[in-house]
Amino acid sequence: MKRARLIYNPSSGREQMKKHLPYVLDRLEQAGYEASAHATTGKDCAKRAARTACERNFDLVIAAGGDGTINEVVNGIAEQEYRPSLGIIPAGTTNDFARALHIPKDIVEACDILCDGRLQQIDIGKVGNQYFINIAGAGTLTELTYEVPSKLKTMMGQVAYYVKGIEKLPRIRPSRVTIEYDGKWFEGEIMLFLVSNTNSVGGFEKLAPNAYLNDGMFDLLILKKTNLADVVRLVSSALRGDHIFDERVIYVQASRIKVHAEQELHLNVDGEYGGELPGELVNLHNHIQMRVPNKTLPCFQDLY
Ligand SMILES: Nc1ncnc2c1ncn2[C@@H]1O[C@H](COP(=O)(O)OP(=O)(O)OP(=O)(O)O)[C@@H](O)[C@H]1O
């Protein structure tokens, strides 16, 4: 009999997962899985639970929570020789990864995909000994994702990020960096850089419009040094996807990106603090197999 392990974060988003637990387990059993669940208790718990699920040869591992929980589960399975298929139930605040994959928050529809969705190989990123599914980046603005307290997200949802973003704006400073991407170079002062695996980042669905999850490439976005008014203007044009045509923005694809900063610069990996630069970001092509919707999705390039 096939076996499914549900790893869920009871504190994610508006804390709905506990309520849905009996329904999810029942749906998995109906689909022919022997299903069990593990509730996370804090940092790295989902990662450890995912690693154990690999060692115990589960067929399907489901990450239920926000992007942080999915990131931990991916970190738990990425280095294992045997890697189960991955499913997700979006239960976080922003759910960027689920948005990119068109996996709805509705629990019934999310379970339809877990039980009847097709299997698809996806790329993930690696930097140092950490893996990421969505994004890695650095620059003052990227730091806000791990500065918003969980309680505030439970109360305010996505708005909590905007409030924190406005609070941080006056403190944005440029940094001098060297970025080497697939043999090409950029050297200069930047406001931020983002290395994206998907097109949906921080609730901006057109931030990296050419990002595919199965092309073996990252989308690299560099915002060169500019003034505060321009940063605000560019953030608003990023909502429409027009920012990539701006002369202050570099937007390219690359599979291997090395970043060196002259001063202290924090790396943000899938919304969590990812240590100090320098770092090398490597695309691991088709590393994880996922359950995704059966329909044609814009996040996948038709390579055949
Ligand atoms: N039982 C728990 N109580 C409090 N925090 C937890 C618990 N289990 C896991 N965590 C923490 O929650 C983090 C992940 O949160 P997650 O991304 O799932 O939800 P979120 O923060 O509400 O959503 P988003 O990432 O979309 O903002 C983990 O890194 C872990 O440190």
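**A guided reading**

Guide: Let us begin with H102, which lies in the loop between α4 (96-100) and α5 (107-116). Helices (H or I, at least four residues) and strands (E, at least two) are DSSP runs, numbered from the N terminus. Phi of H102 is near 60°, a positive value in a residue that is not glycine. Residues are numbered from 1 along each chain as its sequence is written. Do keep in mind that this is a predicted model: local features need pLDDT of at least 70, side-chain atom pairs count only at pLDDT 80 or more, and totals for chains, interfaces and linings use all residues.

Visitor: Which residues does a cis peptide bond join?

Guide: The bond joins L277 and P278, with omega at about 10°. P278 sits in the loop between β14 (272-276) and β15 (279-292).

Visitor: How should I read two packed helices?

Guide: They are described by the angle between their axes and the distance between the axes. Axes are lines fitted to C-alpha atoms, for helices over the stretch in contact, and angles run from 0 to 180 degrees between N-to-C directions. Here, helix α1 (residues 17-30) and α5 pack at about 30°, their axes 10 Å apart. That makes α1 roughly parallel to α5; angles under 35 degrees count as roughly parallel, over 145 as roughly antiparallel, 65 to 115 as roughly perpendicular and the rest as oblique.

Visitor: Which residues of α1 and α5 make the contact?

Guide: H20, Y23, V24, R27 and L28 of α1 meet I107, C111, L114 and C115 of α5. Two residues are in contact if their C-beta atoms, placed from the backbone, lie within 7 Å.

Visitor: At what angle do the axes of α2 and α3 cross?

Guide: The axes of helix α2 (residues 45-55) and helix α3 (residues 67-78) cross at roughly 40° and come within 7 Å. That makes α2 oblique to α3. On the α2 side the contact includes A46, K47 and C54, and on the α3 side it includes T69, V73 and I77.

Visitor: Which residues come nearest to the ligand?

Guide: Of the 22 residues around the ligand, G65, G66, G68, T69 and G92 come nearest. A residue is near a molecule or strand if its C-beta atom, placed from the backbone, lies within 6 Å of it. The elements that give two or more residues to this shell are α3 and α6 (150-156), and α3 gives the most, with three residues.

Visitor: How do the residues of the shell divide by class?

Guide: There are two nonpolar, 17 polar and three charged residues in the shell around the ligand. Ala, Val, Leu, Ile, Met, Phe, Trp, Tyr, Cys and Pro count as nonpolar, Asp, Glu, Lys and Arg as charged, and the others, Gly among them, as polar.
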